[in-house]
Amino acid sequence: MAKGYWVSVYPAISAERLTAYDKLAGPAVQAGGGRLLSLLPSRGGRVVAHETGIPERVVLIEFDSFEQAVAAYESEAYQKALVALPDGFERDFRIIEGND
């Protein structure tokens, strides 16, 4: 079974403005079976942006399946986290299916 991934890029927001969201989203993701693979650059990692990319917050979360990734996003707990996102935020968020 192919894994599922959440891929998020925040082009124009500071990590400090996401505190309330992060407090709710982390437990919701874990409850949904997600594993944080990368949170850059705020966790000390490096980002090299090419072409139209930007070196801002990038989040990569892995789930055991694509269906699990979709269900976690649609869960009541994660929907509560989305409400905590600040006004005017921008995010490129995708749920993708990995290769077997």
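**Aromatic pairs and burial**

Modeller: Gladly! By the ring-centre rule, the count comes to seven aromatic pairs, and please keep in mind that this is a predicted model.

Biologist: Why is the pair of Trp6 and Phe63 called tilted?

Modeller: The ring centres of Trp6 and Phe63 are 5.2 Å apart, and a pair needs centres within 6.5 Å. Their planes meet at 45°; under 30 degrees would be stacked and over 60 edge-to-face, so this pair is tilted. It also links distant parts of the chain, with Trp6 in strand β1 and Phe63 in strand β3, 57 residues apart.

Biologist: How do you know whether Trp6 and Phe63 are buried or exposed?

Modeller: Buried means under 20% relative accessible area. Trp6 has 2%, so Trp6 counts as buried, and Phe63, at 0%, therefore counts as buried too.

Biologist: What makes the pair of Trp6 and Phe93 edge-to-face?

Modeller: The angle between the planes of Trp6 and Phe93 is 70°, and over 60 degrees counts as edge-to-face. The centres lie 5.3 Å apart. Trp6 is in strand β1 and Phe93 in strand β4, so the pair ties together parts 87 residues apart in sequence.

Biologist: Which residues form one aromatic cluster?

Modeller: Trp6, Tyr21, Phe63, Tyr73, Tyr78 and Phe93.

Biologist: And what makes Ser65 buried?

Modeller: Its relative accessible area is 8%, against a cut-off of under 20%, so Ser65 is buried. Ser65 lies in the loop between β3 and α2, and its contacts include Met1 and Ala2.

How values were computed:
Residues are numbered from 1 along each chain as its sequence is written. This is a predicted model: local features need pLDDT of at least 70, side-chain atom pairs count only at pLDDT 80 or more; totals for chains, interfaces and linings use all residues. Side-chain values use heavy atoms; hydrogens and water are left out. Helices (H or I, at least four residues) and strands (E, at least two) are DSSP runs, numbered from the N terminus. Buried means under 20% relative accessible area, exposed over 50%, partly exposed in between (1.4 Å probe, protein chains only). Contact means heavy atoms within 4.5 Å. Rings of Phe, Tyr and Trp (its six-membered ring) pair if their centres lie within 6.5 Å; planes under 30 degrees apart count as stacked, over 60 as edge-to-face and the rest as tilted. Lists of a residue's contacts leave out its neighbours within four places in sequence.
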